[in-house]
Amino acid sequence: MTTAIEKSWQNYSPETGEVTGSTVVLNFSGTDYGQLTLNFNEDLTQLGTNEQIARVMKLFGIRYFQGDFVTDEMTEIRQYVEKAKKDIQSETQKALESIKQSITKINKEVDSIKKVVNMDDLTPDQEEELFGKYQTWEDDGLELKKGDVVNYNGTLYDVIQSHTTQPGWEPPKAPSLFKKHTNDKLDDGTEIISDWKQPQGAHDAYHKGDKVRYLGVIYQSKVDNNVYAPDTRPQDWELVVTDDD
C-alpha cells in the first residue's frame with residue numbers, strides 16, 4: 001500500500017480569521033480505502049509531504065517509513081524476525097565450529113590409526129628397523145640392566161631385573177628376569193603394540209601408557225601394575241581405536 005497527499009489547506013476561524021488548523025486529503029493506492037479526509041487542530045500545510053503523511057498515520061498507530069506503512073505489530077514482527085536471523089546465524093556458526101572441531105578430531109584419530117600396527121603384523125622393513133635397534137641375547141655373561149630390550153630368536157623381551165646372562169636363563173625360561181616387549185615406536189612415528197596377554201604378576205604387568213589389542217580393540221592402560229583385562233576392569237583402560245575403524 002502506498003499513499004500520497006491529494007491536497008491540503010488551512011482552516012480559518014470565521015470570527016477572527018486566524019488559522020485554526022488544516023485539512024488533509026490522502027489518496028490511498030492499492031487498497032479499498034480510496035481517499036481519506038482528515039481535519040487537524042494544527043497547520044500541517046507547513047510540513048513536508050512525508051511529515052504530513054507521518055502525522056496523519058500517527059493518529060491510527062501507524063508509522064510511515066520510506067514510502068510504506070509500518071504498524072506497531074509489524075515492527076514487533078520485524079524485530080522478532082531480525083532477532084531470529086541473528087540467533088540462527090549464531091547457532092549456525094556454533095554448529096559449523098563444532099563440525100570443524102569434530103572433523104579435526106576425526107582426522108587426528110585417522111592419522112593415529114594409520115600409525116598403529118600390531119607386533120605380529122610388521123612388514124619386513126618395519127621388522128628390520130625394530131629388531132635392528134636392540135642387541136641379541138647371548139648366554140656368555142652379557143651384562144643387562146633393567147629397561148634394556150633384547151632379541152631372542154626373533155622375539156623381543158624387556159629386561160625387568162638387572163643381571164648377567166648365563167645358560168638356563170633364556171628369556172622364555174626366566175619370567176622373573178624378562179617379559180615380552182609389547183610397545184615400541186618406529187622412526188616415522190608408527191606405534192607398535194601387541195595383543196593383550198594375562199600378566200603373571202607385578203613383574204610383567206602393564207604400565208600406564210601401554211597399549212594393547214584386545215578382542216579387536218586397541219586399549220591404553222590408565223594405571224601402573226595393570227594385570228586385568230580391559231573388560232574385567234574397564235576403569236583401568238581407555239579405548240583408543242578399533243581395528244575396523
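Where does Asn183 lie? Asn183 sits in the loop between β12 and β13, where helices (H or I, at least four residues) and strands (E, at least two) are DSSP runs, numbered from the N terminus. Asn183 touches Ile192, Ile193, Asp210 and Lys211, not counting residues up to four places away in sequence; contact here means heavy atoms within 4.5 Å. Asn183 and Met119 are 64 residues apart in sequence and 8.3 Å apart in space, C-alpha to C-alpha.

The model is predicted, so local features need pLDDT of at least 70 and side-chain atom pairs count only at pLDDT 80 or more, while totals for chains, interfaces and linings use all residues. Residues are numbered from 1 along each chain as its sequence is written, and side-chain values use heavy atoms, with hydrogens and water left out.

The secondary structure of the chain comes to three helices and 17 strands. Of the 245 residues in the chain, 32% are buried; buried means under 20% relative accessible area, exposed over 50%, and partly exposed in between (1.4 Å probe, protein chains only). Among contacts between residues at least 6 apart in sequence, 34% join residues at least 24 apart.

Next come the cores. In soluble globular proteins, nonpolar side chains tend to be buried together. A nonpolar core is a set of buried Ala, Val, Leu, Ile, Met, Phe, Trp, Tyr and Cys residues joined through side-chain atoms within 4.5 Å. The largest one has 10 residues: Trp137, Leu142, Leu144, Val150, Tyr152, Tyr157, Val159, Ala174, Leu177 and Phe178. Strands β9 (149-152) and β10 (155-159) are the elements that give two or more residues to this core. A second, separate core of nine residues includes Met119, Leu122, Leu130 and Val149.

The loop between β9 and β10 holds Asn153. Asn153 has a positive phi of about 50 degrees although it is not a glycine, and counts as exposed because its relative accessibility is 66%. Leu215, in the loop between β15 (211-214) and β16 (217-221), also is not a glycine and has a positive phi of about 55 degrees. Leu215 is exposed, with a relative accessible area of 71%.

Helix α3 has a buried side and an exposed one. Gln126, Leu130 and Phe131 of α3 are buried. These three lie on the same side of α3 because they cover an arc of only 115 degrees around the axis, the arc being that of the directions from the helix axis to the C-beta atoms. The face turned away from the buried side carries the exposed residues Pro124, Asp125 and Glu128. What covers the buried residues of α3 includes β6 (116-118), β9, β10, β13 (184-185) and β14.

A pocket is found on a 1 Å grid over the protein atoms alone, as an open set of points where a 1.4 Å probe fits, with protein on both sides within 12 Å along at least five of seven lines; lining residues have an atom within 4 Å of a point. The largest pocket has a volume of about 620 Å³, the space filled by probe spheres set on the points, which are joined across faces, edges and corners. Of its 29 lining residues, Lys179, Lys180, His181, Thr182 and Lys197 are the closest to the centre. By class, the lining has 11 nonpolar, nine polar and nine charged residues; Ala, Val, Leu, Ile, Met, Phe, Trp, Tyr, Cys and Pro count as nonpolar, Asp, Glu, Lys and Arg as charged, and the others, Gly among them, as polar.
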